[in-house]
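Please look over the sequence and the model before reading on. The report that follows goes through chain B part by part.

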Amino acid sequence: MDDAAEVPEIRQPTGSRLARFLDSDLWASFRRSKTAMAAFVATVLMFALAFAAPWIVPQNPYDPAQLDLLNSNLPPIWKAEGQAPFLLGTDDQGRDVLSAVLYGLRLSLIVGMLGVLVSGTLGIGLGLVAGYVGGLLDTIIMRVADVQLTFPAILIALVVDGVAKASFGGALDTNATILLIVVSIGLSFWVQYARTVRSSVMVERGKDYVQAARLIGLSTPVIMVRHVLPNVTGPVFVIATINLALAIITEATLSFLGTGLPETMPSLGTLIRIGNKFLFSGEWWVVAFPGIALAGLVIAINLLGDWLRDALNPKLQ
Amino acid sequence: MLAFLIRRLAQAFVVLGVVGLIAFAMFRFAGDPVNQIVGPDTPVSERAAIRKSLGLDDPMLVQFGRYAGNVLRGDFGISYQFRQPVTALLAERIPATLELAFCATLFALGVGILMGVYCALKRDTVLAKLFQAVSLIGVSLPTFLIGILLIFLFSVTLGWLPSYGRGDTVRIGGWTTGFLTVSGLKALILPSVTLGLYQMTLIMRLVRAEMLEVLRTDYIRFARARGLTTRAIHFGHALKNTLVPVITIAGLQLGSVIAFSIITETVFQWPGMGLLFVQAVQNVDIPIMSAYLLLVAAIFVTINLVVDLLYTVVDPRLRTSVGRAA
Amino acid sequence: MSDTVLSVRDLRVVFETRRGTLTAIDGVSFDIARGEILGVVGESGAGKSVTGSAVIGLIDPPGRIAGGEIRLRGERIDNLTPEKMRRVRGRRIGMIFQDPLTSLDPLYRVGEQIVETIRTHTDLSAKAARARAIDLLTEVGIPAPERRIDGYPHEFSGGMRQRVVIALALAAEPELIIADEPTTALDVSVQAQVITLLKRLCRERGTAVMLVTHDMGVIAEAADRVAVMYSGRVAEIGPVESVVRAPHHPYARGLMGAIPTLSDTAERLTQIPGAMPRLTAIPPGCAFNPRCPNVFGRCRAERPEPLPVDRTRVACHLYDERGEAA
């Protein structure tokens with residue numbers, strides 16, 4: 001399977017990257033899967049809407065000066081009392097739900113991606129070191145990983161969050177809060193990367209080309225990064241995709257539990273937390289739209305991840 | 001057998017030791033414990049005296065030893081927010097969490113195995129495909145969103161089930177139970193489904209994949225060649241072999257159900273340990289956080305041990321090979 | 001002909017695939033008499049095992065029987081309902097699979113599996129069935145059967161397990177046994193024991209046996225008659241001494257030339273050039289024509305029908321009309 005993928009690369013060194021990609025099995029499998037295409041389109045659409053939010057929505061929900069209590073508790077536009085330009089209605093502060101959802105979506109995506117970046121870097125680094133160096137260091141890293149797997153990620157994130165707040169005092173500004181959440185997510189999700197990378201490294205380490213690289217005098221870190229790492233990109237990419245969904249859920253959960261992003265700078269989780277209070281008073285739209293946005297985002301990314309896993313490794317079911 | 005058991009016990013103690021160390025570090029270093037006791041304008045000399053009386057100047061090893069000793073005696077310190085012993089606070093809330101986790105696991109196992117078997121035996125039917133699609137959504141959606149959705153459907157719109165709390169409970173000794181009253185049982189339904197849904201979809205997918213695998217094995221083919229009835233083949237042979245690995249996973253899931261109940265308890269304002277823990281995180285109540293962490297680790301490790309033992313009972317191959325190794 | 005147990009006529013088995021219908025078995029005919037062992041030989045993929053599966057009704061979708069007849073004691077069994085066919089399996093036709101290590105359900109005691117088979121097909125009480133199971137184990141040569149009956153499969157060695165599998169196949173005293181590569185997975189030293197056992201049991205009980213194997217040594221040792229299969233067709237069928245000593249079909253000659261014998265060690269082993277065609281690319285005419293040393297024009301155009309030559313039947317144009325080699 002690997003050989004088949006590599007042959008065209010050797011034969012046509014002049015072909016562009018795009019041409020090679022269009023020729024690949026991955027692309028063929030993508031074209032065959034309607035689910036994958038739909039999920040991809042949905043994901044791209046949500047990314048685009050989220051990052052174009054400042055130019056397409058009527059309000060900046062983070063700017064208290066733009067909120068007007070006179071516009072509070074308006075239902076969506078298709079209801080009798082609905083008012084332009086508030087397409088999806090407003091909450092009790094006069095905050096436009098559509099604006100808040102798109103800004104929240106953007107925040108969720110940023111935090112999620114940063115979280116994946118941190119956990120990926122941490123996990124890949126530790127996995128490389130554990131697999132390549134071995135010995136006591138390997139034992140320690142993998143033991144810590146085992147113990148950590150005992151707990152669900154959300155519990156770890158909550159503990160990291162709580163400890164950090166205790167250590168730095170309660171008064172954290174918004175940027176520090178975002179950073180804290182990113183770090184919490186990073187510390188919660190590194191284990192899977194580390195395990196995957198470590199086992200691949202253990203396999204690759206014995207192979208001829210690594211031995212050859214060592215013989216021509218390349219240093220250990222260079223061998224690891226240049227020669228071993230490219231061989232684990234497939235599985236790592238799959239983990240990262242699925243992890244993005246998990247990271248977004250974790251951020252949303254933290255915010256929902258009230259230990260994440262504050263109400264002055266709401267993410268989707270915070271919006272759901274706010275909207276949950278209005279569930280019984282009939283203002284369902286305040287919670288429904290952030291909920292739908294979150295669910296749609298996570299399901300789309302998960303579907304992509306599922307397809308990617310099957311496409312890159314047909315042997316895994 | 002005995003050697004195996006001792007090895008597993010040793011591993012369990014290592015895990016507990018590491019978690020204990022983390023809990024101690026949190027307890028000792030996250031914020032200054034003295035600040036939690038004194039006011040902002042307490043003079044430095046008095047603070048020093050308190051430090052000394054609390055033993056905070058002793059060598060670390062001594063402090064950890066003292067902490068471990070206290071924990072083993074069931075003393076987790078005083079909650080910062082409630083000014084009460086953490087042990088009493090937790091003890092009061094354990095029944096709520098355990099009853100919830102029990103019902104959620106029952107739901108996850110019962111429905112998950114049923115749906116998984118159905119999907120494996122009738123893999124090409126519309127219903128099986130529907131189950132598969134729904135399971136993907138179940139795995140994807142955040143727990144709190146499912147909880148809110150269920151509340152919206154069954155509490156707000158239909159008004160059938162309560163949206164928060166445990167309903168009426170009955171106290172038996174130190175244990176409060178919701179199993180003995182109608183309102184208590186009704187209050188259990190939504191939180192249990194919310195909490196168990198994720199595990200249910202996992203178990204369903206696992207059972208399906210595992211059973212499809214088993215149905216392809218030689219001994220199932222041989223069982224068919226022996227002319228056994230379809231019923232005997234599917235439920236006597238295939239299902240039994242399917243459930244061996246499922247037991248392990250399901251057992252381990254029970255541990256995470258307890259930890260995951262943090263979210264469900266918050267959504268439904270369920271007065272259990274999870275809700276207490278979330279409040280502790282919000283209010284930076286370190287003693288409760290560290291105690292909860294240790295408790296969850298202890299429960300998890302115990303479940304692990306029980307599952308290992310159960311596994312050897314169910315699988316004869318393991319039983320004898322373990323026996324021989326001993 | 002009253003002694004004929006199994007009669008297969010013009011059997012055709014096809015597999016529906018995305019790329020079209022593949023014919024795995026094409027016009028296979030043979031009989032097996034009471035107490036007779038028919039060896040079926042050929043390369044992997046020649047259709048030996050599929051023929052066995054077709055007889056016992058275990059062809060799974062996407063495969064199906066597309067033509068011909070299978071008669072057991074004159075009664076058609078290829079068109080029975082699934083439930084009626086199930087009653088034939090195990091009761092009237094027993095089957096032995098290649099790998100004894102995976103043929104037995106690992107979670108049940110050996111005795112439980114034998115008793116289950118007996119009670120599925122007879123009205124014996126649990127106690128009587130157990131007594132019969134012990135008799136069977138004794139008969140297949142398992143030492144201390146009263147004790148071993150309560151052992152699990154993994155506690156038996158490979159050869160002992162294959163004896164258990166044979167006991168299971170014999171449990172309901174079937175008229176026909178299909179043994180699909182019964183010795184391939186066993187050590188060489190154990191192979192002979194298992195073949196001797198199989199031979200003895202069939203002689204004693206008068207059971208007909210279809211012995212599927214690619215091992216000519218096993219055929220020469222055990223079979224009364226032999227059918228040589230190639231690309232889903234019978235190339236030559238006849239008494240074992242004729243086919244092995246003086247094969248007619250060029251493929252059979254090549255196959256026999258590939259067996260080392262003690263008498264003529266000096267002679268080099270011949271090898272048939274090329275490989276058997278895939279099911280997707282069976283050539284027109286005689287399937288063997290691309291590899292045949294004696295190929296001529298007619299072989300590429302017209303499919304040869306099996307015709308009597310000496311004591312055997314041969315499907316080859318070389319023997320057409322003249323009745324002897326050209």
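How far apart do the end C-alpha atoms of residues 98-121 of chain B lie, and what percentage of the span is helix? They lie 34 Å apart, and the span is 100% helix and 0% strand, where helices (H or I, at least four residues) and strands (E, at least two) are DSSP runs, numbered from the N terminus. This is a predicted model, in which local features need pLDDT of at least 70 and side-chain atom pairs count only at pLDDT 80 or more, while totals for chains, interfaces and linings use all residues. Residues are numbered from 1 along each chain as its sequence is written, and chains are lettered from A and ligands numbered from 1 in the order in which they are written.

| Span of chain B | End C-alpha distance | Helix | Strand |
|---|---|---|---|
| residues 94-311 | 27 Å | 80% helix | 3% strand |
| residues 98-121 | 34 Å | 100% helix | 0% strand |
| residues 133-160 | 27 Å | 82% helix | 0% strand |

In an unreviewed entry, UniProt lists residues 94-311 of chain B as "domain: ABC transmembrane type-1"; such annotations may be inferred rather than shown by experiment, and positions are given in the numbering used here, with feature names shortened.

B:T242 lies in helix 10 (residues 230-267) of chain B. B:T242 is buried because 24 other C-beta atoms lie within 10 Å, the cut-offs being 20 or more for buried, 12 or fewer for exposed, and partly exposed in between, with C-beta atoms placed from the backbone.
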